[in-house]
Amino acid sequence: MTALLREWHRFTPLERFGRWFVYLSIVAALVWAMRSVEVIPEFLIDAPEQMMDLLVRMWPPDLGYYRMGVHEALVETLHIATLGTLFSFILAIPLALLAARNICRSRTLNSFAQLLLVTSRSVNSLVWALIFVAVFGPGAAAGTFAIAFRSIGFVGKLLAEALEEISPGPLEALSATGAPRSSVILKGAWPQIEPAFWGVALFRWDINIRESAVLGLVGAGGIGVVLDDAINFFQWDRVATILFAILIIVIIAEIVVTRLRARLI
Amino acid sequence: MSSFPIRSRAFPPNWPMRLIGVLFVAYTLYAMSRLDLTWARFSIGMGEASRFLARMWPPNFTRWELLAEGLIESVQIALLSSALGIILALPLGLMAARNLAPKPLTMLTRGFIAFCRSLHYVIVAILFVKAIGFGALAGIAALTIASVGFIAKLFAEAIEEVSMKQVEAIRATGAGPAAVILYGILPQVASRFLGFSLYQLDSNLRNSTLVGIVGAGGIGGTLFAAFKRFDYDFVAAILMTIIAMIFLAEVVSGRIRAALR
Amino acid sequence: MSDRAVKSGLVIEGLVKEYVPGKLVLRGIDLALPAKGITAIIGPSGTGKSTLLRCINRLVEPTAGRILLNGQDLVPLRGRALRMARRRIGMVFQEYNLVERLSVMENILSGRLGYVSFWQAWLRRYPAADIERAFTLLDAVGLPDHASQRADALSGGQRQRVGIARALMQQPELLLADEPTSSLDPRTAVEIMELMTGLTASTGVPLIVNIHNVDLARRFAQRIIGMSGGSIIFDGPPETLETHHLRQIYGGEDWL
């Protein structure tokens with residue numbers, strides 16, 4: 001009877017070997033990381049208690065502090081995020097046009113634009129902020145440029161992708177009328193990517209609100225400066241107020257972006 | 001009203017849009033004046049930038065041991081926080097999916113996930129540094145929270161998009177709730193879950209190079225120290241290493257995600 | 001009613017279903033079906049045929065009434081007892097409802113999920129007898145070489161064959177089929193009906209099939225139930241189904 005029974009396995013032996021290999025490498029990597037990372041056991045055991053202690057010291061938040069500087073810093077953060085997004089577009093649009101292979105026919109220029117976009121994306125906004133603080137000195141100007149330079153890569157990449165996906169028909173038709181290249185792009189390509197364009201702008205603005213809140217930690221302006229001061233002076237009730245303010249502005253930005261996006265599409 | 005020759009204007013003016021445009025330009029000018037962004041400042045900055053770039057070149061790799069040490073710690077932070085985040089996100093995602101879990105549970109879980117996402121990981125890292133001390137542990141904790149927020153949210157959304165017909169068919173066989181999830185839901189979302197996890201590992205690699213700036217371990221600490229000491233050639237070396245690693249990770253995870261599809 | 005005396009087969013008494021309070025989809029269905037043979041339910045779309053079938057295996061909660069399968073009332077069952085009842089009832093769906101990213105074999109074996117433990121299901125450690133039975137069914141539905149293909153690689157007719165095999169894998173006491181041929185071309189539809197009637201006849205499982213196509217119903221069923229507006233308005237063998245019945249069930253006459 002048993003000889004008649006057919007066997008069934010979910011995977012072929014090779015697939016099973018592959019799976020085990022992947023599982024094993026993941027486990028090995030984790031074990032390696034766990035064994036050699038410098039975690040002090042006393043800290044680990046202590047952590048929940050310390051976190052609770054911190055939360056207790058944060059409560060109740062010093063809400064009166066909001067009018068004594070937090071508000072101004074919050075508005076500055078909003079300015080940094082908005083201007084940073086705007087500036088990033090000024091540089092990202094030409095780079096996106098150069099990077100899109102159906103708009104710019106030169107392979108060299110494509111690769112060059114891509115390289116600049118990748119570099120911009122690979123450096124975090126906080127690192128950009130460190131660089132611009134070294135260039136402009138501490139303050140909101142450094143923050144604005146940090147946000148702008150981090151956003152160029154993101155915006156440029158998405159715009160270039162949107163450009164590469166447009167249908168070539170309208171461009172061809174406009175070129176056939178004898179229109180100059182710039183007019184072809186304005187009247188043939190722009191209408192096709194306009195929804196994507198505004199979508200990217202809103203998306204990045206939302207991210208930049210979050211990012212600009214931390215730039216002050218390295219002296220690049222905004223609410224992060226106030227947060228850093230409060231933390232350094234162990235004024236935890238003020239820290240709580242600032243965190244609430246950040247939380248609320250982030251949530252409001254997200255709601256605004258979702259609403260506007262729904263109307264765009 | 002109808003007496004106006006509407007057809008004669010090919011491009012009727014869009015007054016609301018014009019108004020928005022004018023307001024936006026006005027805001028931009030106002031904000032620039034508030035932030036003290038002037039041309040004079042910009043041109044001074046340009047001069048500083050060229051000096052800065054000149055001091056960065058050539059990058060100085062003589063302290064490569066310090067660099068490697070920081071980089072390895074960053075990778076370890078990224079690996080551990082991704083693993084913890086993925087493990088925690090799996091049940092949370094199931095609990096947050098409105099087509100699976102009862103409403104009070106989804107509301108509670110969604111609130112928790114939203115909380116995890118709302119604060120920037122660097123801020124979370126500072127809080128952990130202050131609470132549990134300097135070092136990699138704070139970085140791991142901060143990035144774990146960020147990972148949970150990201151993966152659990154997308155995972156819950158993916159579950160809510162599954163075809164309920166397949167789920168219904170499995171339920172009709174008399175399978176229990178766990179088996180329904182295992183056969184009806186997970187096969188539909190497994191590849192997307194893996195995709196989210198890989199993406200998060202990728203971003204944790206980037207972010208783990210940064211949490212060191214606030215003392216939460218990894219190469220960020222080395223970088224920040226170099227900045228403070230104006231060791232700009234070492235800064236250049238660190239930045240180039242970080243960019244190379246991120247670029248490599250992006251290529252590898254892009255390949256894996258393409259293969260999963 | 002005398003139906004109470006029936007200990008085998010399916011007995012439905014006073015079945016009422018309303019999705020929205022006050023809007024009755026099923027208006028008190030009374031029905032007794034023997035423990036074998038093929039029953040076809042015909043009627044216009046939206047008349048409650050699907051709801052009736054789904055009430056039987058409780059994918060839809062009945063509002064009132066009793067459903068007795070071989071003497072056991074299914075309506076009050078909850079949790080584990082409900083799952084035990086469901087695994088006695090196989091179901092074939094209009095759009096096949098296969099788990100598309102699983103292989104054909106895994107789909108068929110999912111018919112055993114009511115029998116095996118969670119761990120067995122997870123690790124795919126099904127009893128050898130189940131696997132043997134799955135291969136037999138795969139042969140029986142005419143897909144002997146498709147075991148390791150993924151379900152989304154199959155054609156509509158092939159998918160429905162897998163759907164039938166999955167339902168029969170449960171070794172059901174009753175098979176429900178909800179418009180099993182509506183998504184298929186006419187020839188495949190006949191093949192699927194032949195397959196289903198043949199397999200249920202050979203295993204002695206009664207089959208209830210919702211069907212749009214009156215000709216298929218006449219050809220394959222021993223008994224036809226005509227529904228309209230949530231009530232049964234015809235019940236009898238196919239020979240007695242006349243034009244005036246169809247007019248009454250579907251309304252109008254131009255189409256006849």
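Between chain A and chain C of this predicted model, one residue pair is in polar contact, with both residues at pLDDT 80 or more; a polar contact is a pair of N or O atoms within 3.5 Å, where within protein one must be able to donate a hydrogen and the other to accept it, and where residues adjacent in sequence count only if both atoms are side-chain atoms. The side of chain A that touches chain C divides into three nonpolar, no polar and three charged residues, where Ala, Val, Leu, Ile, Met, Phe, Trp, Tyr, Cys and Pro count as nonpolar, Asp, Glu, Lys and Arg as charged, and the others, Gly among them, as polar. One salt bridge is found across this interface, the term standing for a side-chain nitrogen of Lys or Arg within 4 Å of a carboxyl oxygen of Asp or Glu. Arg10(A) pairs in this way with Glu106(C), and their closest N and O atoms are 2.7 Å apart. Six residues of chain A are in contact with 12 residues of chain C, contact meaning heavy atoms within 4.5 Å. Together the two chains bury about 860 Å², 61% of it on carbon and sulfur atoms; buried area is the accessible area (1.4 Å probe) that two parts lose on being put together, summed over both.

The interface of chain B and chain A takes 54 residues from chain B and 58 residues from chain A, and about 4900 Å² is buried between them, 78% of it on carbon and sulfur atoms. Leu35(B), Gln76(B) and Leu137(B) supply 12% of the area that chain B buries against chain A, more than any other three residues. Two salt bridges cross this interface, among them that of Arg117(B) with Glu254(A), whose closest N and O atoms are 3.8 Å apart.

Helices also meet across these two chains, helices being DSSP runs (H or I, at least four residues) numbered from the N terminus. Helix H4 (residues 107-122) of chain A packs with helix H10 (residues 232-260) of chain B at an angle of about 105°, their axes 10 Å apart. H4(A) and H10(B) are therefore roughly perpendicular to each other, a description that covers angles of 65 to 115 degrees. Val118(A), Thr119(A), Arg121(A) and Ser122(A) make the contact from H4(A), and Ile243(B), Ile246(B), Phe247(B) and Glu250(B) from H10(B).

Residues are numbered from 1 along each chain as its sequence is written, and chains are lettered from A in the order in which they are written. Local features need pLDDT of at least 70, whereas totals for chains, interfaces and linings use all residues, and side-chain values use heavy atoms, with hydrogens and water left out.

Terms used:
Axes are lines fitted to C-alpha atoms, for helices over the stretch in contact, and angles run from 0 to 180 degrees between N-to-C directions. Angles under 35 degrees count as roughly parallel, over 145 as roughly antiparallel, 65 to 115 as roughly perpendicular and the rest as oblique.
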